[in-house]
Amino acid sequence: LFPSKIATEQQSVVLVKRLLAISVSCITYMRGLFPESSYGTRYLDDLCLKILREDKSCLGSLQIVKWIQGCFDALERQYVSFFSTFLMEFPISSEMTELYQFKFKYKKEVPQMDIISNQMNFVNGVCSSEDVKQASRLLIRKLYLLMQNLGPLPNDITLTMKLIYYNDVTPEDYQPPGFKEDGSSGDLLFDGDPVNLRVGSVSTGFHHMKVRVTTEKKRMGTVESSLIQKNGPTEISHQGLDCDEEEEEGSTKISCLNLALSQEEVIGPKKKRKVSEPEKLLLEGRK
C-alpha cells in the first residue's frame, strides 16, 4: 500500500495519493454507498481494507474513482488546498448530512507528525519512512473506528465533492479532469447539529495531510473523546472547516450549531477562493 521508502517528493506524493484513495474508499464502503463488487480487498497488517475500483457495472463508483484521479492531478501540481466530500439528501440540495475534509499543505522543512492531540518531533529533524507509515496506519485505523461508530444514513443519500485551491499558485483557468468551475452560490446548510471530529494528520516533510469529519450529533455513537475537535470552528462554507491551528486549542465546548454561512462572509475582503465541482453527477440516491 505504501512506498518502500519516503525520501523524495515523488515518493511522498505517492503516499498522500494512496492515503486519500484509501480514506475515500473507507468512507464510501463503511457508509454503504456502493455494492461489494465496486471494491477490491487489500490488507494493512491485520486490517482488511476495501479499495474502490473502476467497476463498470456501477456508474457511481466509477465516477468517484475519476474524481479522485482528478484530485491526484491537482495534488501533483501542488494546487489543491482542500478536498471535500459531501453526503447530502437526494435530490441534491444545499443541506449537508456529513462532510469529510482533507486538507493539504506542501512544504520542505523539519518533518512533524500530529495525530489527534499528540505531537511528536523526530530526532535531529529526520523522519524515517517507517515513522511516516506508522502514522498513516494510525490515521486509517482511526477513520475505520469512526466509521464503525456512526449511526445509519438516511435512505436517500448522494455524494458529491469539491476541490479548493491555493489561489497564489493555481492558474485561473485550471480545472482537473472531471471537474468544472463551481457554479453554486456558496451557501451551505448542515442538516442537524454538526459536531467536528479530528481524525488525524500525516506529515512527510514534503506534504502534510489532515483529515476532519463533520457529522450530526445524533449520528455519533461511542466515539473516542479525543476525536472531538476542541473549540472547533462553527463556520461551514466552501472552505470547509478552514481554521488555524490555534483555533483547535482552548475550551472543550463542542460546536453544535445550525449554520448557514456564505463563502463571501467567511473570506471577508480577501479574494474569493477558486473552487471546482464535478462536471457530472451520475450518482442517484441510495435506495
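This is a predicted model: local features need pLDDT of at least 70, side-chain atom pairs count only at pLDDT 80 or more; totals for chains, interfaces and linings use all residues.

Biologist: What makes up the secondary structure of the protein?

Modeller: There are 4 helices and 13 strands. Those are DSSP runs numbered from the N terminus, where a helix is H or I with at least four residues and a strand is E with at least two.

Biologist: Why is H1 called roughly parallel to H3?

Modeller: The axes of H1 (residues 9–30) and H3 (residues 129–148) come within 10 Å and cross at roughly 15 degrees. Angles under 35 degrees count as roughly parallel, over 145 as roughly antiparallel, 65 to 115 as roughly perpendicular and the rest as oblique. That angle therefore makes H1 roughly parallel to H3. The axes are lines fitted to C-alpha atoms, for helices over the stretch in contact, with angles from 0 to 180 degrees between N-to-C directions.

Biologist: Which residues of H1 and H3 meet?

Modeller: From H1, they include Leu15, Leu19 and Ile22, and from H3, Val132, Ser136 and Leu139 are among them. By class, the contact of H1 with H3 has 12 nonpolar, 3 polar and no charged residues. Contact means heavy atoms within 4.5 Å.

Biologist: Why does Ala74 count as buried?

Modeller: Its relative accessible area is 0%, and buried means under 20%, exposed over 50%, partly exposed in between (1.4 Å probe, protein chains only). So Ala74 is buried. Ala74 sits in helix H2 (residues 59–76) and touches Tyr79, Val80, Tyr106, Tyr165 and Tyr174, not counting residues up to four places away in sequence. Ala74 and Tyr165 are 91 residues apart along the chain, with their C-alpha atoms separated by 8.6 Å.

Biologist: And why is Lys5 called partly exposed?

Modeller: Lys5 has 48% relative accessibility, so it counts as partly exposed. Lys5 is in the segment before H1 and touches Gln11 and Ser129, not counting residues up to four places away in sequence. Lys5 and Ser128 are 123 residues apart in sequence, yet 8.2 Å apart in space, C-alpha to C-alpha.

Biologist: How many of the residues of the protein count as buried?

Modeller: Of 287 residues, 55% count as buried.

Note on methods
Residues are numbered from 1 along each chain as its sequence is written. Side-chain values use heavy atoms; hydrogens and water are left out. Ala, Val, Leu, Ile, Met, Phe, Trp, Tyr, Cys and Pro count as nonpolar, Asp, Glu, Lys and Arg as charged, and the others, Gly among them, as polar.
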